[in-house]
Amino acid sequence: MAGGTDEERRRVSQGLYRVPVPALIRNTGVRRAALAILVAVVALYGGITATVLFPTTVRTSYYAADVSLSAHPADSSSIHADTVVGTIAAEFTGHALGVVVEPRVRPEIGDLVAGGRVDQASLMVTEAERSEAIGAAVQGVAVRFALGGLGTSLAALGLNWLIRRSRPSAAQVVATAIAWALTTGLVGWTARQTYRPEHFAAVRSTGLLQIAAASSDLLTDLETRSAQATPYLRNLLALSAAVSNEYTPSTLGTPPALTVLFVSDIHGTNQYELMRTIVEERDVDVVVDTGDIINLGTVEEAKIAGITRGIESLGVPYVFVRGNHDATSPSDTRLLRELAEVEGVVLPDPGDGSYHEVSVRGLRIGGFNDPRYYGDSDSGEVGEQHSARDAWLEALGEATAPDIVISHERPALDDVPGRLLVNGHGHTPRLDGNHLEVGSFTGGGALKYFQPTGPDAELVGQPSAFDVLTLDDECRAKTLTRYRYRAVIEGRPDFDEVSVLNASRSMTEPEPGRRCSWERGVSTRPLGSSAEQASSQDGSSQNDSGEESPSAKGE
């Protein structure tokens, strides 16, 4: 009113002047309609939010799932499950809010499998369980949506009361109730009409689930396929032994005092019968596993796959450090605790802040876990790896480093002392000076085995790999034999490569006076202990508690 008369300015200053309101807005019916639309939108999003904040949990004997609604347009008219191995969505024709399901395996399934092998039928959800779970999900989501919508609608009325400083009229309350009821009813009706069998359109999957679906006939009964491949592997080992004896110098061809099998990245695929064949044929004294023994970081997966049963069947010490697929959080030590109870397993890094050095027949092995976990961001930064390394080096102090130092990822071993540094993670065998990178023993495991070569191209399996190191009675490295083969899962094993290397060129010489022999046994001691303590324990065969620890070959 800067350009108005003195009287107009006076009326404005005293609050007596009112800005003209368009007639459309003054119309009571229009205002009520606008209020109803606003309440409907508030009720809709309030109801959806309630189902997300307080999802409905349904359970069967061995499975559970959290169910909620989604307002995202991409999820419309679909039942969407986002699992740790990919996504799967059942799409329907219609117009309904999307349904989000977060499934998980209950701990009871591990107890079922731990007792022995079970058939697939015993793990299936029965029709009665399925009907009960669907009914509970529908009821739970409906109640949460209705209450969430009602709560936000009432909150909107209350906010309007505070702003306008006047109670809502009866008409406003009725309009709010009608809008909430219509919104709730419409959402329920569209869901009922959309999610019907006759409106089913397609199922789409991504990630590992897509690969598994495309190769489902190849991913069944993997243990049987592994057993069927053992004659092939036995012949391959015999061939490599013959080649080694024929062409390696006589100084390297003498019988070893100690044999080490290096494996990595098993990824939940039970091929321990193959591993047992290697142990028997190559007279292996100790297996060293550099991590990623499972895929999803849960103990239940290890139980279902029979991993612990397979390790026990080897009959030799099994030295293990955790990989980035072996935990679900930085502090998750459940798998380590489970493995600590398995006969033969030795953990250089138990996950409790302590570090151990393992002595097998006089060969000293140490190492530390991967600080990463399944589901974390893989940024490629090495800071976490170096922090884990620094903690291990601090525990080592001024003591002599172990002969072999292991961790899961290559950057973790940057500038680490030791005669031989060993890691996995990359699924590709490498050898760079005294740094050995072990390939995947199972070709990346069943879930990661097949890799598409291009759009609509055939899925190609990754090669399997392992390494065998031999040492003489003075702990000097003799030979490093690198094996690579493929197509075990497909049931048609195919030889790739066997290399017999002079290991003394990669593994540095031991200090004078060292002895590696059968009589020295298997023992552990705190990392960084004095040499005198180490030598006093080398002749014993003890576990962490000081009890006799029988392990390989009849001890």
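Buried means under 20% relative accessible area, exposed over 50%, and partly exposed in between, with a 1.4 Å probe and protein chains only. This is a predicted model, in which local features need pLDDT of at least 70 and side-chain atom pairs count only at pLDDT 80 or more, while totals for chains, interfaces and linings use all residues. Residues are numbered from 1 along each chain as its sequence is written, and side-chain values use heavy atoms, leaving out hydrogens and water.

**View 1. The whole protein.** The protein has 16 helices and 22 strands. Helices (H or I, at least four residues) and strands (E, at least two) are DSSP runs, numbered from the N terminus. Of the 555 residues, 45% are buried. Among contacts with a separation of 6 or more, 68% come from residues 24 or more positions apart; contact means heavy atoms within 4.5 Å.

**View 2. Helix H11 against helix H13.** H11 spans residues 272-281 and H13 spans residues 307-314. They pack at an angle of about 15°, with their axes 9 Å apart. H11 is therefore roughly parallel to H13, a label for angles under 35 degrees. Axes are lines fitted to C-alpha atoms, over the stretch in contact for helices, and angles run from 0 to 180 degrees between N-to-C directions. H11 passes H13 in a right-handed crossing, where the near helix is turned clockwise from the far one by less than a right angle. H11 contributes Tyr272, Met275, Arg276 and Val279 to the contact. H13 contributes Ile307, Gly310, Ile311, Ser313 and Leu314. By class, the contact has 6 nonpolar, 2 polar and 1 charged residues. Ala, Val, Leu, Ile, Met, Phe, Trp, Tyr, Cys and Pro count as nonpolar, Asp, Glu, Lys and Arg as charged, and the others, Gly among them, as polar.

**View 3. Phe441 and Phe466.** The structure holds 5 aromatic pairs. Rings of Phe, Tyr and Trp (its six-membered ring) pair if their centres lie within 6.5 Å; planes under 30 degrees apart are stacked, over 60 edge-to-face, and the rest tilted. Phe441 and Phe466 have ring centres 6.0 Å apart and planes at 55°, so this pair is tilted. Phe441 sits in the loop between strand E16 (435-437) and strand E17 (450-452). Phe466 lies in strand E19 (residues 464-471), 25 residues apart from Phe441. Phe441 is buried at 1% relative accessibility.

**View 4. Phe466 and Tyr483.** Phe466 is buried, with a relative accessible area of 0%. Phe466 and Tyr483 are stacked, 4.5 Å centre to centre with 15° between the planes. Tyr483 belongs to strand E20 (residues 477-486), and the two residues are 17 residues apart. Tyr483 is buried too. Phe441, Phe466 and Tyr483 form one aromatic cluster.

How values were computed: Angles under 35 degrees count as roughly parallel, over 145 as roughly antiparallel, 65 to 115 as roughly perpendicular and the rest as oblique.
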